Amino acid sequence: MRRLRYKILTLTLAGASFLNPVFSASIASTPASVDSSSLPNEEVVKNALKEFESLSNKERKNRIKDVKKTMKEYRADKKAGKASDTDTLLLAILAILLPPLAVYLKENAITSKFWISLLLCFLFWIPAVIFALLVVFDAI
């Protein structure tokens, strides 16, 4: 989900800076920083490690087992192609605004579906939107 938001934000900023030089100058003047809400504070990490080290061996094993179970479920869902509801919603909105980009993000590669979407986008907008929505909702 974060990777999808990062890609959309990056492409949006790149497009805006290409279209509007004043906007790009204002972006260049601000320091580039990582979203602080997504990264934990160093103190928080140290405290979490101390807390984990203070647990008994049985509690540690239970926590590690829970984490492994959660990761296994996540990988199985990812391998099955299940996307979260927010990913699908964002891709559906993006399919209406920029159909080829939505198809690219859904497929994670430049495939024949992407080229069809791009061609439809150049020819007619509505068929490109319909095609992108079909790809996003896995109807095609």
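Biologist: What does the secondary structure of the protein come to?
Modeller: In this predicted model, the protein has eight helices and zero strands, and along the sequence that reads as α-α-α-α-α-α-α-α.

Biologist: How do helix H6 and helix H7 pack?
Modeller: Helix H6, residues 99-107, packs with helix H7, residues 112-123, at an angle of about 175 degrees, and their axes are 8 Å apart. Angles over 145 degrees count as roughly antiparallel, and H6 and H7 are therefore roughly antiparallel to each other.

Biologist: And which residues meet there?
Modeller: From H6 they are Pro-99, Pro-100, Val-103, Tyr-104 and Glu-107, which meet Lys-113, Phe-114, Ser-117, Leu-118 and Cys-121 in H7.

Biologist: Which residues of H6 are buried?
Modeller: The buried residues of H6 are Pro-99, Pro-100, Leu-101, Ala-102, Val-103 and Leu-105, and just after H6 comes Asn-108, with a positive phi of about 60 degrees.

Biologist: Where is Ile-130, and why does it count as partly exposed?
Modeller: Ile-130 is in helix H8, and it counts as partly exposed because its relative accessibility is 47%.

Biologist: How many of the protein's residues count as buried?
Modeller: Of its 140 residues, 16% count as buried, while the accessible surface comes to about 11000 Å², with 65% of that belonging to carbon and sulfur atoms.

Definitions and conventions. Residues numbered from 1 in each chain as written. Predicted model: local features only at pLDDT ≥ 70, side-chain atom pairs only at ≥ 80, totals over all residues. Heavy atoms only, no water. Helix = DSSP H or I, 4+ residues; strand = E, 2+ residues; numbered from the N terminus. Buried < 20%, exposed > 50% of the residue type's maximum accessible area, 1.4 Å probe, protein only. Axes fitted to C-alpha atoms, helices over the stretch in contact; angles between N-to-C directions. Parallel < 35°, antiparallel > 145°, perpendicular 65-115°, else oblique. Contact = heavy atoms within 4.5 Å. Areas by Shrake-Rupley, 256 points an atom, 1.4 Å probe, with all protein chains shown as cover.
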